[in-house]
Amino acid sequence: LDKKISIVKSSHKKIILNVMTSGINVPSWVMSKNVTTFSFTASNPNQPIFGKTFTVPVYWDDTYLNYKKKFIEALGKRYGNDSSIIGVMVSFVSTINNDWYIPKNTTPNLLDVGYDNNKLLEVGKETIDWWAEAFPNAMLKLPVGVSLQYDGITQTDLAENIIEYAYNKYPTRFYAQVNALSPALPTVNEIQNINKGEKFYILKILSRHPGKIGFQMLSDVTTNHGRLSTDSCKEPLCILNNSIRIALTYKPRFIEVSYKDIENK
């Protein structure tokens, strides 16, 4: 981290610290501490780990969270006052990277070991607060998505509740973001009739916070345009332009695109 941060600072650029602390990125010595776990098989064919099965800590395990808190505190002591670091990722239900991702094919397993939205909401609040304290001057960025649906709980309840908490507590610092930008997303006008619990309801929640949200492209369009194409938009430039056009209807603070697409101009 010291080396990477030094390189960026020497180029007079700013940094968003994106440190993986969950799922497959948890070190083996933490896993050996008798943490509660669940297993999943990577189901996205666009990922290099596709088809592999992993065993990872449940998102709410106390032992795992204690080490995670200590790690965030250590990061804060080393980098918390570095003015070049303008943002940190505050993910708490990430499994493969720092995206919001709860594998659907593990639903029975997770419910069996105690999955509960209220429990995860408290984990989310704690995690955001840890990062906020460790990096008092940085923006707090949280990718949001759907969670498990069970016993009358909808797939968007958890995201809605943690977004409400974070915007109320950190109104000048918190940014929710959707890391699935493509031409397939609806515009802000097209989501107004979407109901609570439906997939794109999260976009409706974000639309209530113009200027305080962000988007990230689902992937680069230079090499993965087939993954993002629609019937009316198949070429890379069309995909990128339409994606950005859709995102701008929500009045975001930032839109993240791939360096490959920047290099490809």
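How do the residues of the lining of the second largest pocket divide into nonpolar, polar and charged? I will start there. Please keep in mind that this is a predicted model.

The lining of that second largest pocket has 8 nonpolar residues, 3 polar ones and 1 charged one. The space inside comes to about 170 Å³. On the lining list you will find Met20, Thr21, Ser22, Asn25, Val26, Pro27, Trp29 and Val30, and then Tyr64, Tyr67, Lys68 and Phe71. Two helices, α2 and α3, each supply at least two residues of the lining. Helix α3, residues 62–79, gives the most, with 4 residues.

In soluble globular proteins, nonpolar side chains tend to be buried together. Here the largest nonpolar core has 77 residues, and within it Phe135 and Val144 touch the most other members. The helix that gives the most to this core is α5, residues 117–134, with 8 residues. Leaving out residues up to four places away in sequence, Val144 touches Trp100, Ala159, Ile163, Ala176, Gln177, Val178, Ile202 and Leu206.

Now the aromatic rings. A pair of aromatic rings is described by the distance of the centres and the angle of the planes. The search of the whole structure finds 11 aromatic pairs. I will show two of them.

One is Phe38 with Tyr59. The ring centres of Phe38 and Tyr59 are 5.6 Å apart and the planes stand at 50°, so this pair is tilted. Phe38 is in strand β2 and Tyr59 is in the loop between β3 and α3, so the pair ties together parts 21 residues apart in sequence. Phe38 and Tyr59 are both buried. They also belong to a cluster: ring pairs link Phe38, Phe40, Phe54 and Tyr59.

The other is Tyr115 with Tyr150. What kind of pair do the rings of Tyr115 and Tyr150 form? Their centres are 5.7 Å apart and their planes are at 80°, so the pair is edge-to-face. Tyr115 sits in the loop between α4 and α5, and Tyr150 in the loop between β5 and α6, so this pair ties together parts that are 35 residues apart in sequence. Tyr115 has a relative accessible area of 4%, so it is buried. Tyr150, with a relative accessible area of 13%, is buried as well.

Is Glu160 buried or exposed? Glu160 has 16% relative accessibility, so it counts as buried. Setting aside neighbours within four places in sequence, Glu160 is in contact with Lys196, Tyr201, Ile205 and Arg208.

Last, two residues whose backbone angles deserve a look. His12 is a residue other than glycine, yet its phi is positive, near 60°. His12 lies in the loop between α1, residues 2–10, and β1, residues 15–17. With 74% relative accessibility, His12 counts as exposed.

Asn34 is not a glycine either, and its phi is positive at about 65°. You will find Asn34 in the loop between α2, residues 28–31, and β2, residues 37–41. Its relative accessible area is 71%, so Asn34 is exposed.

That is the tour, and I will stop here.

Definitions and conventions: Residues are numbered from 1 along each chain as its sequence is written. This is a predicted model: local features need pLDDT of at least 70, side-chain atom pairs count only at pLDDT 80 or more; totals for chains, interfaces and linings use all residues. Side-chain values use heavy atoms; hydrogens and water are left out. Buried means under 20% relative accessible area, exposed over 50%, partly exposed in between (1.4 Å probe, protein chains only). A nonpolar core is a set of buried Ala, Val, Leu, Ile, Met, Phe, Trp, Tyr and Cys residues joined through side-chain atoms within 4.5 Å. Contact means heavy atoms within 4.5 Å. On a 1 Å grid over the protein atoms alone, a cavity is a set of points where a 1.4 Å probe fits but cannot get out, and a pocket is an open set with protein on both sides within 12 Å along at least five of seven lines; lining residues have an atom within 4 Å of a point. Grid points are joined across faces, edges and corners, and a volume is the space filled by probe spheres set on the points. Ala, Val, Leu, Ile, Met, Phe, Trp, Tyr, Cys and Pro count as nonpolar, Asp, Glu, Lys and Arg as charged, and the others, Gly among them, as polar. Rings of Phe, Tyr and Trp (its six-membered ring) pair if their centres lie within 6.5 Å; planes under 30 degrees apart count as stacked, over 60 as edge-to-face and the rest as tilted.
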